[in-house]
Amino acid sequence: MNAEKPPQGPVLVYAPDRGIGDLMWHLPTFRAIAARATEGQVVLAARPSSRAAEVLAVEPSISRVIYAKHFSGPLKGPKEVVDFWRICREVKPRAVWILEKIGRPAQAAWLAGVPERRGFGLGHASQERWLQGPFLPKVMRPAHRLEKLAAFETLHGLKVDSREPGLLLDPKAVAAVQARFGGRPGPWLVLGVGASEPARTWPAERFAAVSQALADLFPTVFWLGGPNDASRAAAAMPTTGRDVLACDLPLDQAAALIALSAGFLGNDSGPLNVAAAVGRPAIGLMGTSPVPAYSRWLTRLDGGEGRIADISVEQALETVRTRFTQEQWSNRDIPAA
């Protein structure tokens, strides 16, 4: 009698969080799951707002990124089941790892006939009924996502040596940034002036005050944000010629700019997490739901009670100057491809 054939198809990992920062926290877990797969890679299903296809374009553990739509309204649940069922039917995975507690993708994977199905559980019957264990205990529901990921890795025997994301850079993006800004004197400081909501946004005039007060340390200061931040940043920037508006950079080049710089000071947003992920000294201005200092590169300035405006210019300056001196900040030299 012939032995039963092992299940075919790739391993699919579902990370439903919306932000770039969330993606960075999950990167060590993605790699650990990929390392256990025979092919050394996984297919990643993520939200479009995570911009995973751009951020992880050169990540060897990710073979492909598929976007799982975010739905709202009274039919949100059924739509999400159908959408993830569609993804499973397209990918035809042999295993699905759901890095959350939600039940809809678990049900969809079961309906699609995926043989192996893993997820957080956390006592949520709506997920656990469709998956194989082991599951995280209900008592961990209030824990931060980073704690849940670490516990989940231990529970499933995934080997993670460090929580440092170690984001890889596209050499073409590095070369483009060097070609555009390489003539600017260093060391460079990047100010991350963008954020997803007002409660996470430090006033632009305070960034301007920081830039002016650090003229003795940084001959060049980049103001980094998204296109929607450009006008606000331009209106506040000092006009001495040291400050450079960099809100037009695509995401891969923004990451390269941060990686080439000496340090980063900015709002609790995607670029802050990217700074830590590429191994640059990063000082985060925290408002609502401040992220833990999960990386050795990351220092948090917490306004308290979710009020980022409570962080003073003096606090930011003291932290930058202290770390600059203690860590001997300097621009990083990354050879262009």
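Q: What angle do the axes of helix α1 (residues 20–36) and helix α6 (residues 145–155) make where they cross?
A: In this predicted model, the two axes come within 10 Å and cross at roughly 5 degrees, where axes are lines fitted to C-alpha atoms, for helices over the stretch in contact, and angles run from 0 to 180 degrees between N-to-C directions. Helices here are DSSP runs (H or I, at least four residues), as strands are (E, at least two), numbered from the N terminus.

Q: Why are α1 and α6 called roughly parallel to each other?
A: Angles under 35 degrees count as roughly parallel, over 145 as roughly antiparallel, 65 to 115 as roughly perpendicular and the rest as oblique. The crossing angle is roughly 5 degrees, and α1 and α6 are therefore roughly parallel to each other.

Q: Which residues of α1 and α6 meet?
A: From α1 come Trp-25, His-26 and Thr-29, which meet Arg-145, Leu-146, Leu-149 and Glu-153 of α6, contact being heavy atoms within 4.5 Å. These residues divide into 3 nonpolar, 2 polar and 2 charged, with Ala, Val, Leu, Ile, Met, Phe, Trp, Tyr, Cys and Pro counted as nonpolar, Asp, Glu, Lys and Arg as charged, and the others, Gly among them, as polar.

Q: How do you know that Glu-80 and Arg-104 meet in a salt bridge?
A: A salt bridge is a side-chain nitrogen of Lys or Arg within 4 Å of a carboxyl oxygen of Asp or Glu, and for Glu-80 and Arg-104 the N to O distance is 2.7 Å. The pair links distant parts of the chain, with Glu-80 in helix α3 (residues 76–91) and Arg-104 in helix α4 (residues 104–111), 24 residues apart. A search of the whole structure finds 24 salt bridges.

Q: How far apart in the helix are Glu-90 and Arg-86?
A: Both lie in helix α3, 4 residues apart, about one turn of the helix, and their side chains meet in a salt bridge at 3.6 Å, N to O. Glu-90, at 39% relative accessibility, and Arg-86, at 32%, both count as partly exposed.

Q: What makes the pair of Asp-248 and Arg-180 tie parts of the sequence together?
A: Their side chains meet in a salt bridge at 3.1 Å, N to O. Asp-248 lies in the loop between β8 (243–245) and α10, and Arg-180 in helix α7 (residues 171–181), so the pair ties together parts that are 68 residues apart in sequence. Asp-248, with a relative accessible area of 52%, is exposed, while Arg-180, at 43%, is partly exposed.

Q: Why is Met-140 called buried?
A: Its relative accessible area is 17%, so Met-140 is buried. Met-140 sits in the loop between α5 (125–128) and α6 and, leaving aside neighbours within four places in sequence, is in contact with Leu-122, Glu-147, Lys-148 and Ala-151.

Q: What conventions apply to the residue numbers and side-chain values?
A: Residues are numbered from 1 along each chain as its sequence is written, and side-chain values use heavy atoms, with hydrogens and water left out. Local features need pLDDT of at least 70 and side-chain atom pairs count only at pLDDT 80 or more, while totals for chains, interfaces and linings use all residues.

Definitions and conventions: Buried < 20%, exposed > 50% of the residue type's maximum accessible area, 1.4 Å probe, protein only.
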